[in-house]
Amino acid sequence: MRLRKLNLAAAIGLPLVLAGCMTEYSAKDAGFTTVDAKVSTAATKKSVWIQNRVQADKVNAEVKALLKRKTIDADTAVQVALLNNKGLQAAYADLGDASADAWQETLFLNPTVSISTTGIGTPELQAYKAIEGLVTTNILALLTRDKTIAVADARFRQAQLNAALSTLQLAAETRRAWIETVAAWETVAQLNQAQAAADASSELAAKLGETGAMGKGNQAREHVFNAELAGQAAEARLAARLAKENLTRLMGLWGSDVDYQVPNRLPNLPKSLARKDSIEAEALKRRVDLQIARLDLEAVAKSYKLTEATRYVTDLELIAGAEAEREKEDHGTKVETTGQFELEFVIPIFDSGNARMRKAELAHMRSANLLAEKAVNIRSEARSAYEAYRSRYDIARHYRNNVVPLRTKIEEEATLSYNGMITSTFELLADVRAKVNSTVLSVNAKRDFWLADADLMTAIHGGGSGGSAGGAAAEAGAGH
């Protein structure tokens with residue numbers, strides 16, 4: 001009986017002895033430090049994966065501290081979003097799933113144990129005549145274990161980069177939302193100035209009409225301009241409020257936290273632009289989505305090798321066991337133990353594995369072509385982003401240095417002429433309105449430059465929406 005127990009223990013324990021120590025996949029942070037390091041390099045901001053109440057309370061306190069200033073800049077908005085956006089936390093949970101999957105692949109398959117008895121008999125034989133124990137384990141899984149782990153590791157590293165890409169996308173979207181929000185409120189301020197001039201013009205026209213100094217047609221022109229401008233101002237205020245709500249959603253705020261404010265105007269244009277002579281090479285080196293495509297090709301290639309290794313034999317099992325028989329003889333009870341080994345595998349008569357090999361080959365070709373396409377697109381996106389960045393800067397500077405100063409000069413001269421009784425009141429008000437319109441165009445040009453600046457960063461590091469870099473900004477939708 002002792003021999004039988006030892007044989008069974010050895011058969012059961014063999015795969016367990018081969019199991020190594022715990023890998024990094026079992027770590028609670030699931031390799032999140034790699035994600036945070038990549039995000040910190042690209043977005044210069046930190047991100048946190050919240051997994052317990054203590055971490056949640058710490059992050060909430062940090063967000064409250066960031067919002068204490070009430071008026072927040074773009075960097076603060078991005079940091080709040082990375083700490084507080086719940087959709088991003090859900091994306092980090094996907095990383096945890098990938099880590100658990102990779103961890104699972106490092107573990108050996110559990111053996112199957114079966115025990116049977118025969119010949120249950122008299123009490124003298126102590127209830128059995130023979131007992132048989134078998135242990136079944138998949139030998140092929142052991143032989144291909146290294147290849148399986150390599151595939152799982154590539155997928156895990158790919159999941160890390162996907163988490164980093166989701167973080168960069170949120171950072172880019174938040175920065176763009178902040179820019180659009182501030183620009184929307186700056187536009188509202190300019191239209192309010194024009195509205196004041198239009199109100200004065202409409203009121204003057206009404207008074208002149210009462211005295212008969214202005215005809216009804218000219219009065220109607222002043223009134224309709226005032227009415228149209230009031231509609232434009234209302235549209236601008238709505239766009240600004242919607243823009244702020246979009247920014248609020250990205251930052252994950254609610255309750256009293258939504259009372260924050262943004263500046264009344266966008267930052268001034270930089271004095272000069274940094275040259276990006278090697279932007280294509282920089283993008284190819286840093287783009288996270290290209291790194292994901294490379295890892296996908298690597299994982300598919302490793303899967304191809306695994307398929308090749310199991311082409312003919314898809315299931316190979318070793319069955320080990322022992323049988324103990326007990327018989328009663330004249331001088332006592334005799335126990336005899338015998339060992340048993342079996343090997344089971346599938347004979348590839350009908351399925352030689354050609355179909356599986358063809359599918360694996362096509363998957364590898366597909367990933368290789370997608371990687372090549374991604375590299376071509378990234379180089380083009382980098383060139384487009386930098387071209388838009390430079391052009392938007394030149395356009396915004398043209399409005400700032402030429403158009404607005406000329407309109408200001410015209411307004412000043414009109415005021416002097418009006419004071420000298422040379423220019424009429426309506427001509428002066430028309431010049432004021434024209435200057436406001438040029439100022440609004442200047443605000444839009446400055447907004448488009450800062451959006452192009454944000455797009456340039458995503459073209460280098462990743463996280464863009466996939467739209468044309470540096471295109472005209474979408475209509476703003478967020479609040480003051």
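What pLDDT does the protein average, and what share of the residues score at least 70? The model you have here is predicted, and its pLDDT averages 74, with 61% of the residues at 70 or above.

**Confidence along the chain**
- Helix α4 (residues 74–84) has the highest confidence, with a mean of 94, whereas helix α1 (residues 2–18) has the lowest, with a mean of 38.
- Residues 1–22 have a pLDDT below 50, and this stretch makes 21 contacts in the model beyond near neighbours in sequence.
- Residues 466–480 also have a pLDDT below 50, and this stretch makes 57 contacts in the model beyond near neighbours in sequence.

**Overall architecture**
- Twelve helices and four strands make up the secondary structure of the protein.
- Of the contacts with a separation of 6 or more, 81% join residues 24 or more positions apart.

**Burial and surface**
- The protein has 480 residues, and 41% of them are buried.

**A look at Gln-190**
- Gln-190 sits in helix α7, which covers residues 145–211.
- The relative accessible area of Gln-190 is 15%, so this residue counts as buried, the cut-off being under 20%.
- Apart from neighbours within four places in sequence, Gln-190 contacts Val-436, Thr-439, Val-440 and Val-443.

Notes
Residues are numbered from 1 along each chain as its sequence is written. This is a predicted model: local features need pLDDT of at least 70, side-chain atom pairs count only at pLDDT 80 or more; totals for chains, interfaces and linings use all residues. Side-chain values use heavy atoms; hydrogens and water are left out. pLDDT is the predictor's confidence in each residue, from 0 to 100. Helices (H or I, at least four residues) and strands (E, at least two) are DSSP runs, numbered from the N terminus. Contact means heavy atoms within 4.5 Å. Buried means under 20% relative accessible area, exposed over 50%, partly exposed in between (1.4 Å probe, protein chains only).
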